[in-house]
Amino acid sequence: MLKTLALVIGSLFLMTTTTSAADLDPANTINLQLKDGTVVIKLMPDIAPNHVARIKELTKKGFYDGIVWHRVIDGFMAQTGDPTGTGMGGSD
């Protein structure tokens, strides 16, 4: 489950690269503040309803605040969501 969540989050980041602001549903959009700017994440509840619900729940609780990116492959993907920073942990 934890690896799946990390993969879904990473996939959601990739899916946002070609979306215009006009296409975004505010109820299914997350703004990720980074030191170099904002990453806009479009959630897709029609494709992954349980994952989207969980990501929204954890985001509202501040779970992702300050969590490191434990796996980054330049030009491909980035994974986060593990409070241990190893890619082996996760939420309850």
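Biologist: Starting with Leu43, is that residue buried or exposed?
Modeller: Leu43 counts as buried, because its relative accessibility is 3%, where buried means under 20% relative accessible area, exposed means over 50% and partly exposed lies in between, using a 1.4 Å probe and protein chains only. This is a predicted model, in which local features need pLDDT of at least 70 and side-chain atom pairs count only at pLDDT 80 or more, while totals for chains, interfaces and linings use all residues. Residues are numbered from 1 along each chain as its sequence is written, and side-chain values use heavy atoms, with hydrogens and water left out.

Biologist: Where does Leu43 sit in the chain?
Modeller: Leu43 belongs to the loop between strand 2 and helix 2, where helices (H or I, at least four residues) and strands (E, at least two) are DSSP runs numbered from the N terminus. Its C-alpha atom is 9.0 Å from that of Ile55, which is twelve residues away along the chain.

Biologist: How do strands 1 and 2 pair?
Modeller: Strand 1 (residues 29-34) and strand 2 (residues 37-42) are antiparallel and share six bridges, pairing being called when DSSP finds at least two bridges between two strands. They form a hairpin with two residues between them; Ile30 has Ile41 as its bridge partner, and Leu34 stands opposite Gly37.

Biologist: Okay, Gln33 then: buried or exposed?
Modeller: Gln33, which lies in strand 1, is exposed because its relative accessible area is 57%. Its side chain makes a polar contact of 2.9 Å with that of Thr38, meaning a pair of N or O atoms within 3.5 Å, where within protein one must be able to donate a hydrogen and the other to accept it, and residues adjacent in sequence count only if both atoms are side-chain atoms. Gln33 and Asp65, 32 residues apart in sequence, have C-alpha atoms 9.7 Å apart.

Biologist: Changing topic, how many aromatic pairs are there?
Modeller: The search of the whole structure finds one, which is Phe63 with Tyr64, edge-to-face at 5.2 Å centre to centre with 85 degrees between the planes. Rings of Phe, Tyr and Trp (its six-membered ring) pair if their centres lie within 6.5 Å, and planes under 30 degrees apart count as stacked, over 60 as edge-to-face and the rest as tilted. Phe63 counts as partly exposed because its relative accessibility is 22%.

Biologist: Which element has the lowest mean pLDDT?
Modeller: Helix 1 (residues 2-15) has the lowest, at 59, whereas helix 2 (residues 49-60) has the highest, at 93; pLDDT is the predictor's confidence in each residue, from 0 to 100. The chain mean is 80, with 76% of residues reaching 70 or more. Where pLDDT is low, the predicted coordinates should not be read in detail.
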